[in-house]
Amino acid sequence: NSYGNTIGWSGTAGNGVYTHDSKFHDNAAGITTDSFAAGHPGMPQDCSKWERNEIYSNNMTPYTEERDAYCFVKNRPIADRDPKVVCPAFNAPVGTGLLIAGGNRNLIKNNRIYDNWRAGVMQFWVPSSFRGTDPTGQSQNSGPAYDAQTDTSNGNRMLANVMGLTPRGKRA
């Protein structure tokens with residue numbers, strides 16, 4: 001049950017992860033998996049699965065002037081920080097249930113996705129010139145000769161999800 005975060009579940013190059021029977025709600029974004037933070041081994045992200053999750057109401061906005069004023073005070077001692085205030089270290093697409101940013105062959109199956117004001121599911125590609133190559137050489141896109149600009153966001157499947165309806169059948 002993940003809530004109150006900038007991103008409820010995040011996995012840069014999160015390969016082969018199985019997330020099931022969980023709730024992601026009241027975050028800025030519910031779930032993100034991506035291939036755009038350079039330097040991670042296993043790029044591009046691939047082969048994860050989200051099944052039987054509830055992904056809803058991810059509309060929290062941590063990017064406000066009031067929060068920025070609190071979060072950007074330099075050298076605030078840890079003991080003086082409010083543990084209930086999220087100070088984002090990374091941007092997130094507020095109002096998004098699940099984001100696949102440059103991931104391949106992922107499966108999104110039997111989830112209930114609703115009340116995310118921007119998008120229930122969002123997907124876009126990430127060119128290798130932006131994400132770089134895998135420094136460990138483990139990935140298919142490794143090596144100086146590799147320059148695939150359209151090798152991401154392929155083969156993702158969405159099956160039997162319920163979109164825009166609450167568990168009680170109300171439109172949301």
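Select C87 to begin: at 36% relative accessibility it counts as partly exposed, a class that lies between buried (under 20% relative accessible area) and exposed (over 50%), computed with a 1.4 Å probe on protein chains only. The model is predicted, so local features need pLDDT of at least 70 and side-chain atom pairs count only at pLDDT 80 or more, while totals for chains, interfaces and linings use all residues. Residues are numbered from 1 along each chain as its sequence is written, and side-chain values use heavy atoms, with hydrogens and water left out.

The link of C71 and C87 is left-handed, with -85° about the S-S bond. It joins distant parts of the chain, 16 residues apart, with C71 in helix 1 (residues 65-71) and C87 in the loop between helix 1 and strand 7 (96-101); helices (H or I, at least four residues) and strands (E, at least two) are DSSP runs numbered from the N terminus. The count by this rule is 1 disulfide.

Then select C47, which at 40% relative accessibility also counts as partly exposed.

Finally, turn to the open sheet, where 4 strands follow the order 3-6-9-12 with parallel pairing, two strands being paired if DSSP finds at least two bridges between them. Strand 3 (23-25) and strand 12 (162-163) are the edge strands, each pairing on one side only. Within the sheet, strand 6 (residues 54-56) runs parallel to strand 9 (residues 112-114) and is joined to it by 3 bridges; here E54 stands opposite R112 in strand 9.

Technical notes:
Disulfide = S-S within 2.5 Å.
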